[in-house]
Amino acid sequence: MFVLGVYLFRRIGKHTPIETANRRDALDILRERYARGEIDTDEFNNRRDILQNK
């Protein structure tokens with residue numbers, strides 16, 4: 001039973017973290033908002049920096 005738990009734990013750890021996928025999606029949304037003129041350059045740069053530093 002213990003061996004099975006270790007095996008599953010290691011398998012789960014090999015997958016790409018969800019945070020990385022979410023960051024990419026958030027950056028895409030941010031770029032779209034900037035392109036539509038919903039946010040200005042300063043706000044875009046600030047939010048981009050925050051997302052990239054996570």
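**Figure 1. Overview of the chain and its helices.** The chain contains three helices and zero strands, and its elements follow the pattern α-α-α along the sequence. The chain has 54 residues, of which 9% count as buried.

**Figure 2. Confidence of the prediction along the chain.** The mean pLDDT of the chain is 82, and 72% of the residues reach 70 or more. Among the elements of the chain, helix α3 has the highest mean pLDDT, at 95. The lowest mean pLDDT, 73, belongs to helix α1, which spans residues 2–13. Where pLDDT is low, the predicted coordinates should not be read in detail.

**Figure 3. The largest nonpolar core.** Five residues make up this core: Leu 27, Leu 30, Ile 39, Phe 44 and Leu 51. Two elements, α2 (18–35) and α3 (41–52), each give two or more residues to the core. In soluble globular proteins, nonpolar side chains tend to be buried together. Phe 44 has a relative accessibility of 11% and counts as buried because this value is under 20%.

Figure 4. Leu 30 lies in helix α2 and is one of the residues of the largest nonpolar core. Is Leu 30 buried or exposed? With a relative accessible area of 6%, Leu 30 is buried. Which residues does Leu 30 touch, not counting residues up to four places away in sequence? Leu 30 touches Ile 39, Phe 44, Arg 47, Arg 48 and Leu 51. Of these contacts, Ile 39, Phe 44 and Leu 51 also belong to the largest nonpolar core. A further pair of positions may be located in this view: Leu 30 and Glu 43 are 13 residues apart in sequence, and their C-alpha atoms are 9.7 Å apart in space.

**Figure 5. Leu 51 in helix α3.** Leu 51 is found in helix α3 and is buried, its relative accessible area being 15%. Leu 51 is in contact with Leu 30, and both residues are part of the largest nonpolar core. Ala 26 is 25 residues away from Leu 51 in sequence, and the two residues are 7.7 Å apart in space, C-alpha to C-alpha.

**Figure 6. The aromatic pair of Tyr 34 and Phe 44.** The structure holds one aromatic pair. The ring centres of Tyr 34 and Phe 44 are 4.7 Å apart and the ring planes are at 25°, so the pair is stacked. The pair links distant parts of the chain, since Tyr 34 is in helix α2 and Phe 44 is in helix α3, 10 residues apart. Tyr 34 is partly exposed, with a relative accessible area of 35%, whereas Phe 44 is buried at 11%. A pair of aromatic rings is described by the distance of the centres and the angle of the planes.

Figure 7. Arg 31 and Asp 28 form a salt bridge, in which the closest N and O atoms are 3.3 Å apart. How far apart are Arg 31 and Asp 28 in helix α2? Arg 31 and Asp 28 are three residues apart in this helix, so about one helical turn separates them. Arg 31 is partly exposed, with a relative accessible area of 42%. Asp 28 is also partly exposed, with a relative accessible area of 38%.

**Figure 8. A network of salt bridges around Glu 38.** Arg 33, Arg 36 and Glu 38 are linked in a network of salt bridges. The side chain of Glu 38 meets that of Arg 33 in a salt bridge of 3.0 Å, N to O. Glu 38 also forms a salt bridge with Arg 36, with an N to O distance of 2.8 Å. Side chains of opposite charge can pair when their charged atoms come close. Glu 38 is partly exposed, with a relative accessible area of 44%, and Arg 33 counts as partly exposed at 26% relative accessibility. Arg 36 has a relative accessible area of 53% and is exposed, because this value is over 50%.

Notes:
Residues are numbered from 1 along each chain as its sequence is written. This is a predicted model: local features need pLDDT of at least 70, side-chain atom pairs count only at pLDDT 80 or more; totals for chains, interfaces and linings use all residues. Side-chain values use heavy atoms; hydrogens and water are left out. A nonpolar core is a set of buried Ala, Val, Leu, Ile, Met, Phe, Trp, Tyr and Cys residues joined through side-chain atoms within 4.5 Å. Buried means under 20% relative accessible area, exposed over 50%, partly exposed in between (1.4 Å probe, protein chains only). Helices (H or I, at least four residues) and strands (E, at least two) are DSSP runs, numbered from the N terminus. Contact means heavy atoms within 4.5 Å. pLDDT is the predictor's confidence in each residue, from 0 to 100. Rings of Phe, Tyr and Trp (its six-membered ring) pair if their centres lie within 6.5 Å; planes under 30 degrees apart count as stacked, over 60 as edge-to-face and the rest as tilted. A salt bridge is a side-chain nitrogen of Lys or Arg within 4 Å of a carboxyl oxygen of Asp or Glu.
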